[in-house]
Amino acid sequence: MPSKKALVRRPSPRLAEGLVTHIERTEVDADLAVEQWEAYGEALRTHGWETIEVDPAEDCPDSVFVEDTVVVFRNVALIGRPGAEARRGETAGVEEAVARLGCSVNWVWEPGTLDGGDILKVGDTIYVGRGGRTNAAGVQQLRAAFEPLGARVVPVPVSKVLHLKSAVTALPDGTVLGHIPLVDTPSLFPRFLPVPEESGAHVVLLGGEKLLMAASAPKTAELLSELGHEPVLVDISEFEKLEGCVTCLSVRLRELHA
């Protein structure tokens with residue numbers, strides 16, 4: 001049976017200081033953010049996921065975006081080296097968490113940079129965003145870690161958004177979702193479905209046809225519902241102010257051996 005464990009990390013008290021790159025900064029309500037984070041975790045648990053809380057990194061404003069710190073393929077964890085130097089203090093707690101879960105741990109080394117938000121796994125294909133936070137050396141080290149395990153690594157240019165998964169994610173059947181104005185090369189994906197809202201491009205696969213999605217994408221939720229999926233909507237407005245989305249607030253571990 002596939003595992004259903006999700007790493008999450010409580011928002012830092014300094015969340016409002018988080019980095020913004022492609023949008024204008026707006027005021028973040030830190031108390032509301034905590035409420036939204038708790039509701040996000042509850043949505044995962046309601047749909048059968050065990051949430052595992054990584055030790056807080058209170059001095060790292062962006063640490064709630066835990067997905068950026070690690071990539072896991074089968075039982076191997078590759079600890080990233082964030083492209084933003086200010087975020088490099090976020091990885092230690094995540095390294096401890098995946099080691100406790102029995103993962104074999106590898107690391108991205110200088111001069112490589114790699115953010116987990118740049119990784120989209122579709123079956124054994126690993127699409128990796130190449131542009132903002134992940135560089136060529138990071139892609140090379142990703143290949144070295146996962147191609148021997150049977151992965152196929154496909155670099156994808158990213159120039160219009162922070163991370164690859166700010167632009168695209170995938171449905172259970174492997175169809176890639178994206179909001180066309182933010183996707184550099186839709187033709188790279190064998191099956192591509194355009195969606196009408198930016199945040200509609202972000203889904204977390206909960207199991208079966210259930211999709212965790214942001215409440216800010218009602219038109220996309222309606223579209224996906226008509227296609228037979230079951231959207232589960234969560235309000236993550238405070239994290240969207242920091243270029244966050246439903247994917248980056250957790251690390252889903254689906255292939256851990258018992």
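The model is a predicted one, so to speak of local features takes a pLDDT of at least 70, side-chain atom pairs count only at pLDDT 80 or more, and totals for chains, interfaces and linings use all residues. Residues are numbered from 1 along each chain as its sequence is written, and side-chain values use heavy atoms, with hydrogens and water left out.

As for overall build, the chain has six helices and 15 strands (DSSP runs numbered from the N terminus: H or I of at least four residues for helices, E of at least two for strands). A compact globule of 258 residues would have a radius of gyration near 18 Å, and the chain agrees with its 17 Å (taken over C-alpha atoms; the rule is 2.2 Å times the number of residues to the power 0.38). Buried residues make up 55% of the 258 (buried is under 20% relative accessible area, exposed over 50%, partly exposed in between, with a 1.4 Å probe and protein chains only).

Now for helix 5, residues 218-226, where the buried residues are Thr-220, Ala-221 and Leu-224. Seen down the helix axis, these fall within an arc of 100°, so they line one face (the arc is that of the directions from the axis to the C-beta atoms). Lys-219 and Glu-226, on the other side of helix 5, are exposed. The cover over the buried residues includes strand 10 (176-178) and strand 14 (230-234). After helix 5 comes Gly-228, with a positive phi near 100°.

Terms used. Contact = heavy atoms within 4.5 Å.
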